[in-house]
Amino acid sequence: MTVVDEDASRAVLNRLRRAQGQLTAVIAMVEAGRDCKDVVTQLAAVSRALDRAGFKIIASGMRQCLTETDGDSPPLSEAELEKLFLSLA
């Protein structure tokens with residue numbers, strides 16, 4: 001089983017915590033009746049933070065899948081990696 005390496009885990013957690021804080025701000029903005037443009041702008045920042053966390057997981061996992069094996073099976077092929085990546089969309 002391939003897991004996200006420690007450095008990638010730290011980066012992912014930081015990005016997820018940032019998204020969590022930003023999402024809290026979006027909720028507060030909606031509850032306070034803030035301008036739609038402000039809410040959408042802040043929500044876009046949440047989306048970017050989540051995307052960056054996901055991309056970090058994907059990049060780390062793909063790097064490990066290409067270089068490591070579990071001893072029982074060969075590394076994933078490019079086609080298998082492409083299928084995994086596309087399944088996230």
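Helix 1 has 26 residues, which at 1.5 Å a residue should span 38 Å; its end C-alpha atoms lie 37 Å apart, so the two values agree. The expected span here is 1.5 Å times one less than the number of residues in the helix. The structure is a predicted model, in which local features need pLDDT of at least 70 and side-chain atom pairs count only at pLDDT 80 or more, while totals for chains, interfaces and linings use all residues. Residues are numbered from 1 along each chain as its sequence is written, and side-chain values use heavy atoms, with hydrogens and water left out.

The chain contains three helices and zero strands, giving the order α-α-α from the N terminus on. Helices (H or I, at least four residues) and strands (E, at least two) are DSSP runs, numbered from the N terminus. Of the 89 residues in the chain, 20% count as buried; buried means under 20% relative accessible area, exposed over 50%, and partly exposed in between (1.4 Å probe, protein chains only). Among contacts in the chain with a separation of 6 or more, 57% come from residues 24 or more positions apart, a contact being heavy atoms within 4.5 Å. The chain exposes about 6,700 Å², and carbon and sulfur atoms supply 59% of that area. Accessible areas come from the Shrake-Rupley method with a 1.4 Å probe, and for residues only the protein chains shown count as cover.

Turning to the details of helix 1, its buried residues are A8, V12, R15, A19, Q22, V26 and M29. Q22 has a relative accessibility of 16% and therefore counts as buried. Not counting residues up to four places away in sequence, Q22 touches Q42, A45, V46 and A49. After helix 1 comes G33, whose phi is positive, near 75°.

R15 is buried yet has no salt bridge, and the nearest side chain of opposite charge, D51, is 11 Å away. Leaving aside neighbours within four places in sequence, R15 is in contact with A49, R52, A53 and K56. R52 counts as partly exposed because its relative accessibility is 47%. R52 and A19 are 33 residues apart in sequence and 9.9 Å apart in space, C-alpha to C-alpha.

Side chains of opposite charge can pair when their charged atoms come close. The structure holds one salt bridge, defined as a side-chain nitrogen of Lys or Arg within 4 Å of a carboxyl oxygen of Asp or Glu. D38 forms a salt bridge with R34, with the closest N and O atoms 3.5 Å apart. D38 has a relative accessible area of 32% and so is partly exposed; R34, at 45%, is partly exposed.

On the surface, L13, L16 and L50 form a nonpolar patch with about 240 Å² of accessible area together. Patches are made of residues with over 30% relative accessible area and no salt bridge, like charges being joined within 9 Å and nonpolar side chains (Val, Leu, Ile, Met, Phe, Trp, Tyr) within 5 Å. L16 lies in helix 1 (residues 6–31), where its 37% relative accessibility makes L16 count as partly exposed.

Definitions and conventions
Lys, Arg positive; Asp, Glu negative; His and termini not counted.
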